[in-house]
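Please read the following report alongside the sequence and the coordinates. It takes up overall architecture and confidence before turning to individual residues.

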Amino acid sequence: MAHRKPHLPTKTCEGCGRPFSWRRKWALVWSEVKWCSDRCRRSKARAPGTTAGGRHSPSAPAAVVRG
Ligand SMILES: [Zn+2]
């Protein structure tokens, strides 16, 4: 058995497109982490349907059940 260092999971930042590795502060929210830093998180200017500051009410209708 090879002796290895513990391998930390990695993800690709949606902000800068660079891979980043697991951090302890993300232990509880790792599955939701998408950016390597707050800076990248805030730079997501091209997120569709998401507007910071204003709360839009999307005209996406909920599932209509007929009957
Ligand atoms: Zn980033």
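## Order of elements

In what order do the elements of the chain run from the N terminus on? The order is β-β-α, and the chain accordingly has one helix and two strands. The model discussed here is predicted, and every value below should be read with that in mind.

## Confidence

The mean pLDDT of the chain is 79, and 66% of its residues reach 70 or more. Among the elements of the chain, strand S1, which covers residues 10–12, has the highest mean pLDDT, at 97, while H1 has the lowest, at 92. Where pLDDT is low, the predicted coordinates should not be read in detail.

## Burial and contacts of the chain

The chain has 67 residues, of which 1% count as buried. When contacts between residues at least 6 apart in sequence are considered, 22% of them join residues that are at least 24 apart.

## Proline 19 in strand S2

Proline 19 has its place in strand S2, and it is in contact with Thr10, Lys11 and Thr12 once its neighbours within four places in sequence are left aside. Is proline 19 buried or exposed? Proline 19 counts as exposed because it has 10 C-beta neighbours inside 10 Å, the cut-off for an exposed residue being 12 or fewer.

Proline 19 can also be placed relative to tryptophan 35: the two are 16 residues apart in sequence, and their C-alpha to C-alpha separation in space is 9.3 Å.

## Two serines in the loop between S2 and H1

Serine 31 is found in the loop that lies between strand S2 (19–21) and helix H1 (38–42), and serine 37 lies in the loop between S2 and H1 as well. Serine 31 has 7 C-beta neighbours inside 10 Å and therefore counts as exposed; serine 37, with 12 C-beta neighbours inside 10 Å, also counts as exposed, since the exposed class extends to residues with 12 or fewer.

Serine 31 and lysine 11 are separated by 20 residues in sequence and by 9.8 Å in space, C-alpha to C-alpha. Serine 37 and cysteine 13 are 24 residues apart in sequence, with 8.5 Å between their C-alpha atoms.

Methods: Residues numbered from 1 in each chain as written. Predicted model: local features only at pLDDT ≥ 70, side-chain atom pairs only at ≥ 80, totals over all residues. Helix = DSSP H or I, 4+ residues; strand = E, 2+ residues; numbered from the N terminus. Buried ≥ 20, exposed ≤ 12 C-beta atoms within 10 Å, placed from the backbone. Contact = placed C-beta atoms within 7 Å. pLDDT = per-residue confidence, 0-100.
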